[in-house]
Amino acid sequence: MQQKQTFSAQTLTLSVAAAELGRAIFGAGQTGSVRAVLLSNVLAAAAFVLLAALASVNASRLNRPGFAGKCICAVFLLWYLFELVRTAAMLQQACWEQFASMAFIGLLPFFLWAGWSLGCELYDRMASVLGWLVVLGIVFCVLGLAGQLQWQVLVTGETAHSFVLPDATFYPEYFSFPLLCMSKNNAKISKKPIVWLPIIAAVISSGYALGLALLFGAPQAYPGYELLRAWSFGGISRFDAAFLLLWLAAAIFRFGFIVRAVRLLCERLAEGPVNAEAAR
Amino acid sequence: MLQLSSSLEENLAALNARFGASADFYAKRIELYHCPGAIVLFDNMASLESLWSLLLDAATRHTPSLEPERMPHTGTQVYDLLMNHSGLPAEDGPVKDMDDLIRRMTAGMAVLLLDGCKKGLVFSVQGLKSRSVEEPSGEGNLRGSREGFADLLRVNLSLLRRLIRTDTLVMETAQADCAMKTEYAICYCKDKASKTAVARVRRTLQEAKPEVLLDSSYFVPWLFPARWRLFAPVSYTERPPSAAAKLCEGKIIILVNGSPSALVLPSLFCENFDCLDDYATTAVFSSFLRVLKYGSFYLSIFLPGVFVCLAVYLPELIPPQLLFKIAAAEKATPLPLFAEMLLVIILLEIIREAGLRMPQTLGHSVSLVAALIIGDAAIGAGLLSTPVILVASITAISVFVTPSLYEPATLLRLGVTLAAGLAGPVGLVCAALGVLAALTSISAMGVPYLSGAVFSGDGVVRRNYRTLSRRPFTIWQRRGS
């Protein structure tokens with residue numbers, strides 16, 4: 001039986017969530033006001049949703065064989081390679097700073113081999129389980145922080161700040177629907193989950209910024225992982241390590257997904273003109 | 001295929017050449033209506049008493065006339081008289097070739113060969129000595145049937161037929177292409193099982209060439225070929241009610257002659273955590289037990305690895321009082337904690353395997369020695385520490401809550417401990433991802449092993465049985481989910 005060569009929306013969602021969580025946890029701190037951060041996230045998300053929707057609607061044009069299609073494929077290949085390096089750097093930073101471990105470097109060849117070898121369907125199935133675990137972890141985090149949040153920060157006046165461009169990162173997954181989720185046989189796959197990706201990233205980023213502000217006030221220069229360290233539930237107070245391990249699992253999953261996506265894009269680029277004619 | 005000869009002497013010579021040296025081969029020459037014949041059977045497989053009482057009864061009730069002009073002479077005429085015009089309860093299908101003759105004789109039937117006839121009459125006079133229907137040693141339950149499958153295939157088929165009393169149950173038998181020509185059966189409900197899946201199973205088993213076939217599990221490498229595998233999308237049961245329930249879910253069951261273990265396919269991961277008792281108790285209690293079983297399974301896999309990871313790499317996460325006790329215990333032992341944990345896990349496996357294989361008369365002695373050596377002497381001598389033994393013992397007991405997952409759990413436990421001990425938290429996370437990948441990579445006939453059935457009304461938490469009965473579950477609903 002031919003292996004499935006496309007990913008589902010769940011895989012892309014988990015990948016984006018892992019990336020955005022990593023950016024929030026290992027971020028340098030929040031110097032602007034909370035309202036500015038939230039507003040900029042909303043604006044950025046709206047813009048990305050529009051762009052993602054455009055990309056999904058024009059999927060067939062972006063996905064066509066020929067020189068234009070190969071150029072688009074090459075651009076996404078480079079973008080994913082950049083994300084691969086960035087994710088690896090984030091993983092190594094987490095392992096070294098939080099766990100004093102160089103094991104990620106040592107296991108890097110294994111991760112590359114596993115990411116290259118595992119099928120798309122396996123990623124989809126793993127994403128449905130791992131995604132739920134991440135959601136549960138977030139809920140658990142919120143429960144442990146709920147009693148410490150200072151809600152009056154939301155209504156406290158803030159000093160005026162000059163306009164700052166939104167500090168939002170956009171990921172190649174937003175626009176990858178035509179390349180990674182569509183094949184010749186399932187052109188009618190729903191595009192809605194892909195369009196929601198920027199909103200999920202915005203929710204994670206905004207929620208984390210809001211949590212930091214409600215806990216420590218705004219502006220503050222605490223790094224993002226201080227929010228996890230503030231977690232406490234009765235006598236247990238070190239859930240940050242458990243959540244970091246959960247994030248580590250999601251980030252390694254993203255690493256593997258990107259490697260697989262790179263493989264898919266390389267195979268597409270390597271497809272000859274005969275296949276392109278057959279596709280038409 | 002060697003056809004039977006019309007000459008009785010040739011047929012007997014062929015049988016003597018094959019089985020003459022065997023002490024249980026029985027051939028009795030007789031004469032019927034002045035026609036030479038012979039009864040052939042295997043002693044202690046066919047019952048001679050049943051045979052003679054059957055023949056005498058039929059002969060006294062329906063004896064043809066002895067008029068000279070109507071007295072048959074040739075073997076064919078005698079065969080026709082006995083088969084079609086007498087009260088002999090012979091089988092419908094006669095024997096025509098040597099292979100079929102051997103197959104019937106090894107099934108415990110007696111065959112009547114006649115001189116001048118190329119066909120043989122078959123009588124079902126089996127008197128096989130076999131283990132009776134008893135309660136199986138595994139799969140314990142508090143309520144429900146105590147019957148278990150026996151070793152004979154025909155007995156097992158009758159146990160299923162007794163439970164599913166509809167015309168939808170189909171039980172196809174065939175002989176495996178192996179040295180022992182073992183008989184097997186494929187059972188399914190034709191209104192629930194997928195026709196393509198049944199056809200695929202039938203074809204696969206026909207083409208399978210095991211060297212010997214002693215159990216239904218021997219078919220798994222042909223049904224689901226893989227270079228390596230931790231979990232198999234099949235389950236086994238020795239209880240007819242469990243097998244009948246699986247058949248009503250549209251699953252396919254394979255039974256092999258000589259083994260009481262029925263192979264059920266396709267199977268879901270969540271089915272390892274339920275049992276017959278689940279539906280005999282309240283939904284709340286059975287849900288509690290299932291949650292306990294899930295927790296025990298994951299505890300048995302991850303507890304040693306998490307313990308090693310925390311104690312060696314992340315001691316700041318352990319509460320101080322517990323940390324002091326662990327540190328004090330480890331200070332007194334010569335081996336590092338990681339090596340200790342591996343050693344204890346392997347020792348417990350050795351003890352378990354020894355307990356399983358040894359004669360029962362020695363069982364108590366060995367258990368006592370093992371408990372003393374590990375539980376007392378090793379700790380007293382300072383070779384092993386109490387926390388490590390405690391953790392290993394908890395995992396060893398936890399795994400028996402789900403005995404069907406014992407094999408993968410044992411290997412995974414070792415793998416997780418190795419990964420956590422060598423690579424710390426990163427290794428632990430990789431091992432967890434590896435377990436997830438191992439579970440999600442399996443599917444059988446389009447049904448994923450880790451199906452979303454976990455969150456259905458009969459997954460981790462079970463709904464009231466009346467609610468479940470409103471929407472009967474069929475395994476093929478999970479196909480592609």
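**Briefing: chains A and B of a predicted model**

In chain B, 68% of the contacts with a separation of 6 or more are between residues 24 or more positions apart, a contact meaning heavy atoms within 4.5 Å. This is a predicted model, in which local features need pLDDT of at least 70 and side-chain atom pairs count only at pLDDT 80 or more, while totals for chains, interfaces and linings use all residues. Residues are numbered from 1 along each chain as its sequence is written, chains are lettered from A and ligands numbered from 1 in the order in which they are written, and side-chain values use heavy atoms, with hydrogens and water left out.

**Chain B as a whole**

- The secondary structure of chain B consists of 15 helices and 11 strands, these being DSSP runs numbered from the N terminus (helices H or I, at least four residues; strands E, at least two).
- Chain B has a radius of gyration of 30 Å, well over the 23 Å that the globule rule gives for 481 residues, so it is more spread out than a compact globule; the radius is taken over C-alpha atoms, and the rule is 2.2 Å times the number of residues to the power 0.38.
- The C-alpha trace of chain B spans about 110 × 55 × 40 Å along its principal axes.
- Of its 481 residues, 47% count as buried, where buried means under 20% relative accessible area, exposed over 50% and partly exposed in between (1.4 Å probe, protein chains only).
- Chain B exposes about 24,000 Å², with 60% of it supplied by carbon and sulfur atoms; such areas come from the Shrake-Rupley method with a 1.4 Å probe, and for residues only the protein chains shown count as cover.
- There are 45 positive and 43 negative side chains in chain B, and the centres of the two sets lie 9 Å apart; Lys and Arg count as positive and Asp and Glu as negative, with His and the chain ends not counted, and each charge is placed at NZ of Lys, CZ of Arg, CG of Asp or CD of Glu.

- Tyr406(B), in helix α14 (residues 406–440), is buried with a relative accessible area of 11%, and leaving aside its neighbours within four places in sequence, Tyr406(B) is in contact with Glu349(B), Arg352(B), Val399(B) and Phe400(B).

**Chain A as a whole**

- Chain A has 12 helices and 0 strands, and buried residues make up 48% of its 280 residues.
- In chain A, residues 24 or more positions apart account for 86% of the contacts with a separation of 6 or more.
- The accessible surface of chain A is about 14,000 Å², of which carbon and sulfur atoms hold 69%.

**Aromatic pairs**

- Over all chains the structure holds 32 aromatic pairs, counted where rings of Phe, Tyr and Trp (its six-membered ring) have centres within 6.5 Å, with planes under 30 degrees apart taken as stacked, over 60 as edge-to-face and the rest as tilted.
- The ring centres of Tyr80(A) and Phe257(A) are 6.3 Å apart and their planes stand at 80°, so the pair is edge-to-face; the pair links distant parts of the chain, from helix α4 (residues 67–99) to helix α11 (residues 239–270), 177 residues apart.
- Both partners are buried, Tyr80(A) with a relative accessible area of 1% and Phe257(A) with 0%.
- One aromatic cluster is formed by Phe48(A), Phe76(A), Trp79(A), Phe170(A), Tyr171(A), Tyr174(A) and Phe175(A).
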